[in-house]
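Subject: Structure handover

Hello,

Here is the structure we talked about. Please open it alongside this note; my findings follow below.

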Amino acid sequence: MQLKISSLASIAFAGALSVTSASAAPLLQDNAQERFQEAYQAFQQAQQNAETPRTELQKLAFASYMRGREYFGADHINTANLAMNYLFLLAANQRLGEQSHALAALVVRAYQNEYDATAIELLDPLLLALETMPEYNEAQVAEYEIAFANVFGALKEKNPEIVLDVKTAMAEELLRLGQSRPELWNSLYKDSVKLHGSEHLLTAKTAFYAAMEDVGQDKMMSAIDKLEQVVAMPANDRAAVLQLQLAANYRLVTFYAKEGMTEGADKALARIGQMNNELNGTTVEQAVYRVNPRYPEDMARQQKEGSVLLNYEIATNGRVENITIVEETNSDFGKSAKEALSQWLFVPAYENGQPVRLTDQQVQLDFALSRSSDDND
């Protein structure tokens with residue numbers, strides 16, 4: 001998320017010209033200035049050409065950064081801007097890694113030296129530092145969160161929308177790093193409703209992730225309520241909202257099924273079928289919710305393993321019907337497998353725009369005893 005980047009042209013060359021005007025500037029520094037200006041002008045020219053390949057822009061931006069580092073110094077704000085310019089040209093997967101994060105950390109340090117701790121200019125570098133972090137580092141994350149909090153505190157009254165946008169981006173990066181923040185996501189959801197209303201994309205996103213955090217805290221009904229608000233939102237052909245609604249419906253099927261709420265699960269299944277049909281034209285049957293068969297106690301006690309081959313149909317509502325056992329190791333396994341399969345839920349299949357029943361479906365359920373690593377040696 002790029003909020004506000006200073007103009008490299010004005011900053012970089014202002015620094016270069018100020019050095020040129022110093023009568024005592026050594027020849028070595030003049031050469032460094034010349035090399036930087038040459039590299040940066042090559043980058044600017046390439047950037048103005050819409051046909052320049054992105055990989056070429058990346059190379060030229062990195063060359064500008066290296067020449068700028070040589071001329072301005074590693075901790076100079078101009079060098080930091082050149083580094084950010086390069087990092088923002090990288091795709092998300094390219095940006096993620098130790099080298100990129102080390103570069104982003106240098107940018108943060110330069111900006112913190114240049115600006116007050118509450119300055120809005122710190123937000124881009126701080127987000128970049130999180131975006132490049134390949135794995136969770138408690139000390140670094142804590143340091144970044146404190147820095148974010150300082151800026152948020154200064155901006156929350158005059159620029160609440162910027163605070164909300166950046167906090168959401170920060171929370172998403174923390175999720176990527178495996179960090180749960182239930183209170184943060186729920187506060188983001190409430191703030192989004194207050195600032196943007198119940199039909200905004202950011203409201204849908206924050207509601208979705210707040211719901212996921214609720215599940216982690218065993219607040220299933222609270223999660224279901226938030227997800228139902230997401231699916232009820234008018235999408236108005238907004239792809240991002242549609243994606244969130246589809247993901248919400250998939251989770252609603254599972255949550256309703258676990259709570260034994262049949263009607264809710266059926267409605268969510270129907271919505272998935274309709275959405276998939278509208279988006280893709282056809283729907284391939286897909287199990288949304290599965291229940292593993294219970295291992296019969298007698299079979300477990302006797303250390304017996306086995307398998308069951310079952311034939312079944314998928315009704316137009318996605319539920320399993322007409323289950324028959326084709327093959328079974330014994331009747332205990334067969335009974336358990338049949339009971340488990342009866343609880344499976346599938347995305348309804350469509351044909352010519354209408355849900356259809358699928359017949360002659362087969363699945364094999366295996367019953368295997370878990371073995372310790374010692375048994376496998």
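By class, how many nonpolar, polar and charged residues are in the lining of the largest pocket? The lining has 9 nonpolar residues, 1 polar residue and 5 charged ones. Keep in mind that this is a predicted model.

More on that pocket. Its volume is about 330 Å³. Lining it are 15 residues, and those closest to the centre are Lys156, Val163, Leu164, Lys167 and Asp191. Helices α8, α9 and α10 (182–196) are the elements that each give two or more residues to the lining.

Now the overall picture. The chain has 377 residues, and 44% of them count as buried. Its secondary structure comes to 17 helices and 7 strands. Take the contacts with a separation of 6 or more: 68% of them join residues 24 or more positions apart.

Next, the core. The largest nonpolar core holds 104 residues. Within this core, Phe148, Met170, Val253, Leu310, Tyr312, Leu341 and Trp344 touch the most other members. Helix α4 (residues 77–89) supplies the largest share, with 9 residues. Beyond residues up to four places away in sequence, Val253 touches Ala265, Ala268, Leu269, Ile272, Val288, Tyr289 and Leu345.

Then look at helix α7, which spans residues 123–132. The helix is mostly covered, with 10 of its 10 residues buried. The buried set includes Asp124 and Glu131, as well as Leu126, Leu127 and Leu128. What do the buried residues of α7 pack against? The partners are α4, α5 (92–95), α6 (98–114), α8 (138–155) and α9 (160–176).

Is Glu173 buried or exposed? Its relative accessibility is 15%, and the cut-off for buried is under 20%, so Glu173 counts as buried. The Glu173 side chain makes a polar contact with the side chain of Arg176, at 2.8 Å. Setting aside neighbours within four places in sequence, Glu173 is in contact with Leu130 and Glu131. Both of those α7 residues are themselves buried.

That is the handover. Send me any questions once you have been through the model.

Best wishes

Methods: Residues numbered from 1 in each chain as written. Predicted model: local features only at pLDDT ≥ 70, side-chain atom pairs only at ≥ 80, totals over all residues. Heavy atoms only, no water. Core = buried A, V, L, I, M, F, W, Y, C linked by side-chain atoms within 4.5 Å. Buried < 20%, exposed > 50% of the residue type's maximum accessible area, 1.4 Å probe, protein only. Helix = DSSP H or I, 4+ residues; strand = E, 2+ residues; numbered from the N terminus. Contact = heavy atoms within 4.5 Å. Polar contact = N/O pair within 3.5 Å; in protein donor to acceptor, adjacent residues only side chain to side chain. 1 Å grid on protein atoms, 1.4 Å probe; cavity = no way out; pocket = protein on both sides within 12 Å on 5 of 7 lines; lining within 4 Å. Points joined across faces, edges and corners; volume = space filled by probe spheres on them. Nonpolar A, V, L, I, M, F, W, Y, C, P; charged D, E, K, R; others polar.
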